[in-house]
Each structure stands twice: as structure tokens, then as C-alpha cells.
Amino acid sequence: MSVLFDGLSLGAIYAMIALGYTMVYGIAKMLNFAHGDIIMVGAYAIYTTMVFWGKGLWVAVIGAAVLCTLMGILMEKLAYKPLRGASPLAVLITAIGVSYLLQSLAQLIFGVTPRPVNLGSFGSVEILGASIPVSTVLTLVIGAVLMAGLTLFVNKTNTGRAMQAVSEDRGAAQLMGVNVNFIIMITFAIGSALAAAASVFYLMQIPLVEPLLGSMPGIKAFTAAVIGGIGSIPGAMIGGVMLGVIEKICLSIDAIKDYTTAIEFGLLILILLVRPIGLLGKKRREKV
Amino acid sequence: MADAMLRTENLGISFGGLKAVQDLNLEIRRQQLYGLVGPNGAGKTTVFNMLTGVYQPTFGTFYLDGEELKGKSQEKINHRGIARTFQNIRLFNNMSVIRNVMVGLHNQPEFRCTPAESFLRLPRHFSTEYAMRDRAKEILRIFDLEEERNNLACNLPYGKQRKLEIARALATNPKLLLLDEPAAGMNPYETEDLMRIVRGLRDDYGLTILLIEHDMKFVSGLCDEITVLNFGTVLTQGPTDRALSDPEVIKAYIGE
């Protein structure tokens with residue numbers, strides 16, 4: 001039971017990160033490999049506000065959200081916007097470059113040693129006979145609320161509709177008066193804000209900050225996004241939760257726990273063999 | 001001419017050494033139905049691409065209601081009042097019919113609602129959503145698509161997809177509508193219906209329409225003036241009947 005809860009909450013973290021990958025891919029048609037490092041930025045923001053400045057958790061969370069959002073927007077404006085219309089490969093390499101840049105900057109500023117950051121203790125609650133840490137429950141509940149909010153936003157608002165239109169056909173959307181640059185900026189902002197939320201919950205589980213903190217959850221979440229069908233928002237949620245649960249289940253079984261990561265990526269390969277577009281991916285008709 | 005709504009001055013574009021369109025001078029009056037015809041590859045769609053900002057003209061310029069629009073971005077040109085449809089349909093396929101139209105509506109001042117307002121779900125968010133929905137239904141009604149509003153755009157039959165494209169363009173509240181082969185692939189009955197709708201757009205909504213079409217019955221039935229292009233240059237311009245009976249035009253279409 002507690003394994004399931006752990007898995008669901010880890011899955012919620014993966015899902016929040018995966019949403020950033022999938023939305024940016026769906027709308028800007030690029031893989032933002034620096035997305036994972038935004039989590040690291042959020043984690044250091046929390047570390048700085050709480051440990052250096054001695055502020056409370058809420059200040060740290062809001063600070064991280066604001067910083068990550070700005071970071072996402074800045075990254076898009078400086079690194080990706082000048083490459084609008086360039087070959088996908090150039091954009092991809094740039095994204096990898098941005099990722100290294102962020103990691104190196106963190107190493108320069110904070111050094112390479114992992115530093116502990118204590119978000120405070122939350123205790124645990126009894127759910128269906130199992131003792132579940134409150135942080136796990138918080139992750140699940142807030143994760144679910146954020147994802148529901150995002151779904152509503154995309155489906156029921158002007159901006160959401162414009163986002164969907166840009167993802168379907170950027171050229172046509174632009175000719176219908178959609179401000180594509182603004183929509184892409186909003187997408188990066190939302191993705192990065194979700195990454196900030198993920199960084200908070202990540203630190204609740206593993207209270208250590210280090211410059212490479214974002215890369216593993218980033219890759220896992222990217223895997224989740226691809227499993228779910230990249231470009232699809234519900235796909236990223238399902239993929240993330242699935243991967244989190246599988247990871248925790250594998251880790252709880254002694255015989256296979258050393259192979260957890262291999263099993264996760266094996267699953268990716270398996271799913272791609274059967275369904276190359278991912279679980280909920282849409283087939284794209286070639287445009288002539 | 002002072003009352004020209006759209007005026008192009010020596011408009012032209014070259015790709016590398018190829019002059020795809022050159023020296024195009026158009027003057028389209030308010031509420032005119034104007035045709036742009038010519039054999040395949042004559043540069044008709046290229047003209048549309050220049051007028052909507054997809055391509056930057058290499059030569060000349062163009063004005064809408066006296067305002068120079070050359071060099072403006074695609075969405076700016078759309079906001080100024082030029083909307084278009086596409087030769088090969090480019091609907092937002094995986095969105096419902098009504099959402100396609102609502103995307104067109106989303107920049108109208110009366111429906112403007114900032115992301116922050118939507119995010120906080122302020123009352124204005126809901127009132128604009130309802131108003132948009134009503135307006136979208138109204139537009140769909142013109143095209144007899146209201147019943148289909150919750151279907152996915154890609155599931156509509158071909159003729160209706162063509163009509164939905166016009167509806168979506170109309171939703172951006174243009175002064176000038178550019179229709180790229182609106183009747184292509186339609187059966188005679190659908191073509192007849194479309195002619196009625198296009199005329200209605202002019203008479204009831206005061207639109208000015210520039211259209212590309214190969215169906216000469218469609219062109220002569222609707223347009224009072226046309227420009228015939230061949231290999232990027234103007235072959236002839238003027239009242240439809242006279243232009244179409246021009247020996248040069250006949251030669252361009254069917255050879256000597």
C-alpha cells in the first residue's frame with residue numbers, strides 16, 4: 001500500500017516534469033533538454049531562500065516558482081527564439097548547450113558538493129492501515145490539482161485554444177491572428193512553473209541539492225512523456241504516473257531492485273516497438 | 001483610385017533568380033468580388049502569401065485602406081483585416097468545429113481576456129467564453145455548420161471542411177477575405193451553395209473578397225473584375241467577361 005502511494009507521488013513528480021517536455025514539444029516542436037535543469041534551478045532557489053536567507057518554506061516555494069518561470073521565459077527568448085525556423089537539429093544542440101550552461105553555472109556558484117536542504121518535517125498519516133508521509137499525500141494532491149488546472153486551462157480558455165491551434169498548425173494559427181511568439185512564451189512559462197512545483201516535491205523526497213540534480217528526473221520524465229505519446233498532455237500524466245509506480249514497485253522487490261532503471265527504459269523500448277507514437281500520441285499526417 | 005480598399009504597387013517576389021510574381025498592380029474596391037485566375041504555377045497562391053505576410057515581397061508594396069502592410073508579421077496583417085483560406089485545407093484537425101472558429105475569434109477586442117484572468121477564473125472569463133461561443137455559433141450558422149459544431153474538424157466531409165475554413169477566417173473579423181480555390185473538389189451542388197454564401201458575405205457582412213479559382217463558371221458567376229496571371233506576370237486585367245475572352249488568356253489556358 002505504501003509502495004503504491006510512494007509510486008503515485010513519484011509519478012506525480014514525473015508527470016509534472018513530463019508536462020513541460022510534452023507541451024513545449026507539442027507547441028514549439030522542439031525537445032527542450034534543458035527542462036530538467038529548471039528543476040535544479042528551482043531546488044537551488046529553495047536552498048538559497050531557506051538556508052542562506054533563513055526564510056520559510058512558503059517564501060521559498062513562491063521564489064522558486066517565480067524564478068523558474070522567468071528562467072523558462074528567458075531561456076526561450078535568448079536561446080530558442082532566434083532559432084525559430086532553423087533546423088530541428090540546431091535547436092536540439094542548442095537545448096543541450098543550455099542544459100550544460102545551467103549545470104555549469106550552478107557548479108560555479110554553488111560548487112559541486114551536494115548540500116542538504118531541510119524543508120521541515122510533516123509527519124505522517126494513517127491511510128487504509130498504512131502509514132503514509134504527509135509529504136507524499138501533499139505531492140499527490142497538489143500534483144493532481146495542478147494537472148486538473150492545466151487541463152481546464154488548455155481546454156476552456158482563449159490562450160489554451162490558441163496553444164492547441166499552434167500545436168496543430170503553426171502557420172495556419174498565425175494567419176488566423178494567433179500571436180505565436182506569445183503562445184510559445186506562455187508554454188515555456190507554464191512548463192517551468194510546473195518544474196518549480198516538481199522541484200519542491202523532489203526535495204521533500206530527497207533533501208539534497210546538487211548541480212546535476214535535474215538530469216535524472218529530467219530523463220525519466222522525458223521517457224514518461226514519450227511513453228505517453230509526446231505532445232499529448234494526458235499522455236504525459238499517464239506516462240509519468242505509470243513510470244513512478246513501476247519505479248517504486250521495482251525498488252520494493254529485492255530481486256530486481258538493482259535493475260529498476262533498466263526496467264524503466266526497457267519499458268520505453270517495448271512500448272515504442274508496439275506503438276511508436278506512444279500510448280496517446282496522435283498520428284500526424286504528412287503535410288505536402 | 002482613392003476608394004481602393006486593397007492596392008498593390010508593382011508587387012513582386014523572386015526566389016533566387018526566379019521571378020515568381022512581378023509588377024502586380026491590383027486595385028480592389030470595397031465590397032468587390034475580385035478574381036485572380038491563371039494556369040497552375042502562375043503565382044496566384046504566391047500573391048496570397050505576400051498579401052498575408054507569409055512571404056516578404058522583394059519588390060513593390062501593398063496597402064489596405066491606405067495603410068502600408070508590407071513587412072508586417074502574419075498576425076499583425078490579420079489583425080489589420082486580411083484573412084485567408086488555404087488551397088489545401090489547413091484546419092486544426094483534432095479540434096472540434098466550434099473550437100476552430102473560436103481560435104479565429106480569440107483576438108477580437110470584445111473577447112480579449114488575459115491569461116491571468118482566465119487563470120483566476122474571474123467572472124469576465126466566463127462571460128467572454130459564453131459570448132464567444134454564441135458568436136461562433138452565429139458564424140457557423142451562416143455556413144450551415146451549426147449542427148456539426150462538436151464534431152472534430154477532420155471528420156467533416158470535404159465540402160464542409162472548405163466551408164469551415166471560410167468560417168474560421170471570417171471569425172477573425174476581416175475587411176478583406178482571400179479565398180484560395182474555395183470550390184476546388186466540390187460537386188456542382190456544393191459549388192452553387194458556396195456561391196450563394198460568398199455573395200452573402202459581401203451583401204450581408206460588407207466584406208471585400210479576392211478569390212483564386214479554376215472553376216470559370218464560379219469566377220464569372222461571382223466576380224465582376226479579374227486579373228489573369230501567367231508565369232508571374234499579368235496577362236490581362238478588367239471586367240470578367242472581357243478578360244476571359246481575351247485571346248491571350250485563351251492561349252495561356254489551352255495553348256495555340
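Two residues are in contact here when they have heavy atoms within 4.5 Å of each other. Keep that in mind as you explore this predicted model.

**Stop 1: a pair of helices in chain A**

Start by selecting helix α5 (residues 134-156) of chain A and helix α6 (residues 158-168) of chain A. Which residues bring the two together? From α5(A), show A:F153, A:V154 and A:K156; their partners in α6(A) are A:N158, A:T159, A:G160, A:R161 and A:M163. Sorted by class, this contact holds three nonpolar, three polar and two charged residues.

Now turn the view to see how the helices lie. Two packed helices are described by the angle between their axes and the distance between the axes. Here the axes come within 5 Å and cross at roughly 80 degrees. α5(A) and α6(A) are therefore roughly perpendicular to each other.

**Stop 2: across to chain B**

Side chains of opposite charge can pair when their charged atoms come close. By the rule used here, there are 21 salt bridges over all chains. The pair you have selected crosses between chains: B:E129 sits in helix α5 (residues 123-142) of chain B, while A:R161 belongs to α6(A). Across the interface of chain A and chain B, two salt bridges are found.

Next, show the whole interface. You will find 28 residues of chain A in contact with 32 residues of chain B. Together the chains bury about 2,700 Å², and carbon and sulfur atoms give 54% of that area. Which three residues of chain A supply more of its buried area than any other three? Select A:R161, A:L175 and A:M176: they supply 30% of the area that chain A buries against chain B.

**Stop 3: another helix pair in chain A**

Finally, select helix α10 (residues 233-252) and helix α11 (residues 260-274), both of chain A. Their axes are 9 Å apart, and the helices pack at an angle of about 140 degrees. That angle makes α10(A) oblique to α11(A). The crossing of α10(A) past α11(A) is right-handed.

To see the contact itself, show A:M242, A:L243, A:I246, A:E247, A:C250 and A:L251 on α10(A).

Conventions:
Residues numbered from 1 in each chain as written. Chains lettered and ligands numbered in written order. Predicted model: local features only at pLDDT ≥ 70, side-chain atom pairs only at ≥ 80, totals over all residues. Heavy atoms only, no water. Axes fitted to C-alpha atoms, helices over the stretch in contact; angles between N-to-C directions. Helix = DSSP H or I, 4+ residues; strand = E, 2+ residues; numbered from the N terminus. Parallel < 35°, antiparallel > 145°, perpendicular 65-115°, else oblique. Left-handed = near helix turned anticlockwise from the far one by under 90°. Buried area = accessible area lost by both parts, 1.4 Å probe. Salt bridge = Lys/Arg side-chain N within 4 Å of Asp/Glu carboxyl O. Nonpolar A, V, L, I, M, F, W, Y, C, P; charged D, E, K, R; others polar.
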